[in-house]
Amino acid sequence: MEKQQILDMVAEYCRKQHAAKEWKPGDRINYAGRIYDEEELCNLVDASLDFWLTAGKYTEEFETGLGEYLGVPYCSVVNSGSSANLLAMAALTSPLLGDRRVLPGDEVITVAAAFPTTVAPIVQCGAVPVFVDIEIPYYNIDAAKLEGALSDRTKAVFLAHSLGNVFDLKAVKDFCTKHGLYLIEDNCDALGAEYETGGEYQKSGTIGDIGTSSFYPAHHMTMGEGGAVYTKNPLLHRIVRSLRDWGRDCVCSGGQDNRCGRRFDGQYGTLPKGYDHKYVYSHLGYNLKVTDMQAAIGAAQLKKLPGFVERRRENWDYLKEQLKDLNEYFVLPEITPDSRPSWFGFMMMVRDGAGKTRDEVTAYLEEHGIQTRALFAGNITRHPCFEALEEDRDYRIAGGLEKTDEVMHKGFWVGVYPGMTKEMLDEMARRIRESVQ
């Protein structure tokens, strides 16, 4: 049997067995969901029939395509968004960066209202996270408080674009430039968002030194598990690739030999001259590569990404319009100035005078089939994982986290993913209204 015959059968199977089910009243409305068709399934089967298994042709296709979409020359696909964040932070500890490298005890500014894998790599790399409060209703760092967080040990800023809403990139980038700091943009919840700089819009994740993405099923596009690290800086790219691929010095891809043309005549460290370059290690790295089967799904999803982003914006705008008369009950979200968000969710805060608590509102929504989520960790410093850490030694809080705690107690969000129909959005708006009236 020819491969194309198999793929034609797979496509037919997908159309019959994986057809999207039409939502009807009474069905649960999840905050996220996978949107795909036979192209993803055919790519997956095609990759599996080749049985290459590790990174291969689809990985190269995806890295090239994502780089073109973002407008960056260097893109490295990895096995998860969490690994992407780990690589981004670990890259800043490389000896190749000289005096700018992050050393144990150096500080990295971030926020506590975050998903833990924005914060964990800072601690895992031996640095000290410095937490700054956020702004409501943007749910991103209050950039006016950055100077108050600065110390003589500050080396970097590591922030996520919360729920797809871009943080104040101009203020943060200017702060980093002024003080010679690296900026990592955790772009996992904001792929496709844009920010105006110099009179034109650029994709979020590309304005700092390093950007990261996640392709977990709930995110803007998926490959099941997967992520990416991208940069415009060739040295940082070299470091990321080395750390991703066991720490090796060699840049050959899987199955490739002697790309540098000096595989057996180089001098590295105190190794014998001519030691096989494929087994020379310039970093103590990891193995965080993606499989070609994952990348095959991503290559198909990438073609749909612009449409996904547009639909998320439309759904967010529609929900905001439907809820605009509920301002006495909820603090509704706002768009960061000079940005075009790529929404991951619709964030709300229950006001003190609403007559209901956040927990009462979300319990009502969940009871009536509307899935809700907290703003991730709320305040990561209040979690059990921080009990073994000592404040002012292992982490620092700059100026208090009052708004962060307020969001932890009063905030929640619902989804706006591309699979939502107008009827689903209307049902969400109706149930939100009922929860407080």
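This is a predicted model: local features need pLDDT of at least 70, side-chain atom pairs count only at pLDDT 80 or more; totals for chains, interfaces and linings use all residues.
Figure 1. Leaving aside residues up to four places away in sequence, Gln 294 touches Asn 79, Met 223, Glu 225 and Gly 226.

**Figure 2. Course of helix α9 and its kink.** Helix α9 comprises 32 residues, 292-323. From its first C-alpha to its last the helix reaches 43 Å, close to the 46 Å expected at 1.5 Å a residue. A kink of about 50° lies at Lys 304, shortly before the proline Pro 306.

**Figure 3. Strand β14 and its two partners.** Strand β12 (residues 330-331) runs antiparallel to β14 and is joined to it by two bridges; here Phe 330 stands opposite Val 350. Strand β16 (residues 411-415) is also antiparallel to β14, with five bridges between them. Within this pairing, Met 348 has Phe 412 of β16 as its bridge partner.

**Figure 4. The largest nonpolar core.** This core has 46 residues, and Ile 109, Phe 131, Ile 141, Val 157 and Val 172 touch the most other members. At least two residues each are supplied by β2 (107-111), β3 (128-132), α6 (146-149), β6 (154-160), α7 (169-179) and β14 (345-350). Helix α7 gives the most, with four residues. The contacts of Val 172, not counting residues up to four places away in sequence, are Ile 141, Ala 143, Leu 146, Val 157, Leu 159, Phe 167 and Leu 183. Apart from this core lies another, of 28 residues, including Ile 370, Phe 412, Ala 429 and Val 436.

**Figure 5. An open sheet of three strands.** The strands follow the order β9-β8-β13, and their pairing is antiparallel. The edge positions belong to β9 (200-203) and β13 (339-340), each of which pairs on one side only. Strand β8 (residues 194-197) is paired with β9 over four bridges. Glu 196 has Tyr 201 in β9 as its bridge partner.

Terms used. Residues are numbered from 1 along each chain as its sequence is written. Side-chain values use heavy atoms; hydrogens and water are left out. The expected span of a helix is 1.5 Å times one less than its number of residues. The bend at a residue is the angle between axes fitted to the seven residues ending there and the seven starting there. Two strands pair if DSSP finds at least two bridges between them. A nonpolar core is a set of buried Ala, Val, Leu, Ile, Met, Phe, Trp, Tyr and Cys residues joined through side-chain atoms within 4.5 Å. Buried means under 20% relative accessible area, exposed over 50%, partly exposed in between (1.4 Å probe, protein chains only). Contact means heavy atoms within 4.5 Å.
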